[in-house]
Amino acid sequence: MKSASNQDEQQGNNECNPAPPRVRLVTVEQMPVGPNSTQALCACDAADFARNLIGSKDREHFLVLHLDARRNIVSHEVASVGTLNATMVHPREIFKGALLANAADIICVHNHPAESTDPSTQDLRVLGTLKESGEILCVALLDFIIVTATSYWAASESHPGLLGQ
C-alpha cells in the first residue's frame, strides 16, 4: 500500500514547485513623476508636460497622465505606440494603470506626427468611449489632448461639452 505522500509525488503535486501565477500585470511604460510633481491645473500644463515626452515622436504615442485629487501628476504611462497616423486604444488598457496608480482622475494625450492638432472622427469616438468608461469606474477623464512638437488641441478648451464641463 502506498502512502498519500508517495501518491502526491507520483502525480506531480510538489509543494516546493508551485504553479506559475495565472495573472501578471504589465504596462507598456509607467513612470512615477517624483516628489516635485507637476500640477495639471489647465490643458496647457498637461500639454507642456506631454509635449516634452511625445511631441516629437515619429509614430503616434498615447500617454495617460495619472492625477491625484489635487491634480498633481503622480505618474504617467505610455499606453500605446502606433503607426504614423494611428494607435490602438482600449479603455481596459487606459484605466488599468490609473487604477493601479490609485489615480483620482486622468488626462489622455496623444501626438500627431503629421503636425496637425485637428482631432479625427476616430479621436472623438475614443474620447467619448473613455469618458463613459471613466464615469463607470469613478476615475474622471479630465481632458483629451492632441500634441505636436509646437502646439496642442484640448477638448476642454475646444469642446467642453464633450467632457461634461
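**Questions about buried, paired and packed residues**

Me: Why is Arg 59 called partly exposed?
Reply: Arg 59 has a relative accessibility of 41%. Buried means under 20% relative accessible area, exposed over 50%, and partly exposed in between (1.4 Å probe, protein chains only), so Arg 59, at 41%, counts as partly exposed. Bear in mind that this is a predicted model, where local features need pLDDT of at least 70, side-chain atom pairs count only at pLDDT 80 or more, and totals for chains, interfaces and linings use all residues. Residues are numbered from 1 along each chain as its sequence is written, and side-chain values use heavy atoms, leaving out hydrogens and water.

Me: What makes the meeting of Arg 59 and Asp 58 a salt bridge?
Reply: The N to O distance between their side chains is 3.8 Å. A salt bridge needs a side-chain nitrogen of Lys or Arg within 4 Å of a carboxyl oxygen of Asp or Glu, so this pair qualifies. Asp 58, for its part, has a relative accessible area of 56%, so it's exposed.

Me: How do you know that Asp 48 and Arg 51 are about one helical turn apart?
Reply: They sit 3 residues apart in helix H2, which means a separation of about one turn. Helices (H or I, at least four residues) and strands (E, at least two) are DSSP runs, numbered from the N terminus. Asp 48 is partly exposed at 39%, while Arg 51, at 18%, is buried.

Me: What makes the span of H2 agree with a helix?
Reply: The expected span is 1.5 Å times one less than the number of residues. For the 12 residues of H2 (residues 43-54) that gives 16 Å, and the end C-alpha atoms are 16 Å apart, so the two agree. Its buried residues include Ala 43, Phe 49 and Ile 54, and among the elements covering the buried ones are strand S4 (105-111) and strand S5 (140-147).

Me: Which residues are linked with Glu 93 in a network of salt bridges?
Reply: Arg 92 and Lys 96 join Glu 93 in that network. The closest N and O atoms of Glu 93 and Lys 96 are 3.7 Å apart. Glu 93 is partly exposed at 31%, and so is Lys 96 at 23%. Searching the whole structure turns up 5 salt bridges.

Me: Why is Asn 111 called buried?
Reply: Its relative accessibility is 0%, so Asn 111 counts as buried. Asn 111 lies in strand S4. Leaving out residues up to four places away in sequence, Asn 111 touches (heavy atoms within 4.5 Å) Ile 54, Lys 57, Arg 59, Glu 60, His 61 and Val 147. His 61 is 50 residues away along the chain, yet the two C-alpha atoms are separated by 5.9 Å.

Me: Which residues touch the most other members of the largest nonpolar core?
Reply: Such a core is a set of buried Ala, Val, Leu, Ile, Met, Phe, Trp, Tyr and Cys residues joined through side-chain atoms within 4.5 Å. Among its 19 residues, those touching the most other members include Phe 62, Ile 94 and Leu 130. Elements giving two or more residues to this core include helix H3 (91-100) and helix H4 (121-137). Beyond its neighbours within four places in sequence, Leu 130 contacts Phe 62, Ile 94 and Phe 144, among others.
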